[in-house]
Amino acid sequence: MQTMKKLFVLAIAGWLLGSGCATRTVTEDQRAIVPPPEPRQAQVGMTREEIESIYGRPARVFLRPNGETWHYDNAGMAWIPFNFGFRYRQSNFVFDQTGHLQTFRIDQ
């Protein structure tokens with residue numbers, strides 16, 4: 001019984017010391033500067049690389065003399081058995097010759 005009491009007291013002391021010693025104060029100078037998160041939605045003026053990092057590789061790319069259009073859709077999901085809630089969605093992104101987004105349309 002004595003051994004059990006000692007173990008209990010040691011466990012409580014260890015818990016109290018462990019939780020109290022692990023804290024430290026962080027001053028303003030020690031805080032890391034965190035850049036703002038990258039936007040996760042398309043915005044006019046973004047580059048092709050930025051759009052690809054958000055939406056992945058396009059299903060189809062249409063080249064034009066004044067730029068290119070990227071097309072995304074979910075047509076492959078129509079073939080999933082018992083997918084009764086399927087609704088076709090598509091997105092188009094139009095880039096100029098410099099590779100910057102001019103216009104876009106995203107179905108919701």
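**Nonpolar core and aromatic pairs**

In this predicted model, Phe 95 is placed in strand β3, where strands (E, at least two residues) and helices (H or I, at least four) are DSSP runs numbered from the N terminus. Local features require pLDDT of at least 70 and side-chain atom pairs count only at pLDDT 80 or more, whereas totals for chains, interfaces and linings use all residues. Residues are numbered from 1 along each chain as its sequence is written, and side-chain values use heavy atoms, with hydrogens and water left out.

With a relative accessibility of 1%, Phe 95 counts as buried; buried denotes under 20% relative accessible area, exposed over 50%, and partly exposed the range in between (1.4 Å probe, protein chains only). The C-alpha atoms of Phe 95 and Asn 66 are separated by 8.5 Å, although these residues lie 29 residues apart along the chain. Contacts (heavy atoms within 4.5 Å) of Phe 95, not counting residues up to four places away in sequence, include Met 46, Ile 51, Asn 66, Trp 70 and Leu 101. Under the same exclusion of residues up to four places away, Trp 70 touches, among others, Arg 48, Ile 51, Pro 58, Val 61, Phe 93 and Phe 95.

Phe 95 and Trp 70 both belong to the largest nonpolar core, which has nine residues and also includes Ala 42, Met 46, Ile 51, Ile 54, Tyr 72, Phe 93 and Leu 101. Two or more residues of this core are given by each of α2 (48-55), β2 (67-73) and β3 (90-95). Such a core is a set of buried Ala, Val, Leu, Ile, Met, Phe, Trp, Tyr and Cys residues joined through side-chain atoms within 4.5 Å. In soluble globular proteins, nonpolar side chains tend to be buried together.

A search of the whole structure finds six aromatic pairs. Rings of Phe, Tyr and Trp (its six-membered ring) pair if their centres lie within 6.5 Å, and planes under 30 degrees apart count as stacked, over 60 as edge-to-face and the rest as tilted. The ring centres of Tyr 55 and Tyr 72 are 6.2 Å apart with the planes at 50°, so this pair is tilted. Because Tyr 55 lies in helix α2 and Tyr 72 in strand β2, the pair ties together parts that are 17 residues apart in sequence. Tyr 55 is partly exposed at 30% relative accessibility, whereas Tyr 72 is buried at 11%. Tyr 72 also forms an edge-to-face pair with Phe 93, at 5.6 Å centre to centre and 90° between the planes. This pair links strand β2, which holds Tyr 72, to strand β3, which holds Phe 93, across 21 residues. Phe 93 is buried, with a relative accessible area of 0%. Ring pairs link Tyr 55, Tyr 72, Phe 93 and Phe 104 into a cluster.
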